[in-house]
Amino acid sequence: MSAGELDISFGVNGKRLAYYNNTSEYDGIQVLFIQNDDKILCGGYYSTDDGNAYVILLRFTENGNFDNSFNSNGKFLTDVESSANQNSKPLLLQSNNKMVIIGGYSINNDTNFVLKRYNTNCTVD
């Protein structure tokens, strides 16, 4: 394979399209990490038509398939803060593969900053 050429062994012909909920609502990936084990961790947002916003994490195997060892389907959805107007930014990946989600939210015009750390199995640390 020449430099700059698509790796056709990844996904379908070198590309991987993915939605959180198999719809085209409002998904967006904002950050991507290659983990020590060559798995691909993506962080971003998922917003529904009714205005609910969430942080999403997607993890893929090195060949572009969802990693079913990550939250059983390769997908994880979380609130930064429930019942709030959320402005979620994605994550940092620590050397131990724990994930730190960075975000903010406001309730009644009171803006707050939040950090949430998750274990590799998507439970809150």
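User: Which residues form the largest nonpolar core?

Analyst: A nonpolar core is a set of buried Ala, Val, Leu, Ile, Met, Phe, Trp, Tyr and Cys residues joined through side-chain atoms within 4.5 Å. Buried means under 20% relative accessible area, exposed over 50%, partly exposed in between (1.4 Å probe, protein chains only). Here the largest core has 11 residues: Val 31, Leu 41, Val 55, Leu 57, Phe 70, Phe 76, Leu 91, Met 99, Ile 101, Tyr 118 and Cys 122. Strands E3 (53-60) and E6 (99-107) are the elements that give two or more residues to this core. Apart from this core lies another, of 9 residues, including Ile 40, Ile 56, Leu 58 and Phe 60.

This is a predicted model: local features need pLDDT of at least 70, side-chain atom pairs count only at pLDDT 80 or more, and totals for chains, interfaces and linings use all residues. Numbering starts from 1 along each chain as its sequence is written, and side-chain values use heavy atoms, without hydrogens and water.

User: What is Phe 76 in contact with?

Analyst: Contact means heavy atoms within 4.5 Å. Leaving aside neighbours within four places in sequence, Phe 76 is in contact with Tyr 20, Val 55, Ile 56, Leu 57, Phe 70, Asn 71, Tyr 118 and Cys 122.

User: How many disulfides are there?

Analyst: A disulfide is a pair of cysteine sulfur atoms within 2.5 Å. This structure holds 0. Cys 42 counts as buried because its relative accessibility is 7%. Cys 122 is buried, with a relative accessible area of 7%.

User: How many residues of the chain count as buried?

Analyst: Of its 125 residues, 38% count as buried.

Notes
Helix = DSSP H or I, 4+ residues; strand = E, 2+ residues; numbered from the N terminus.
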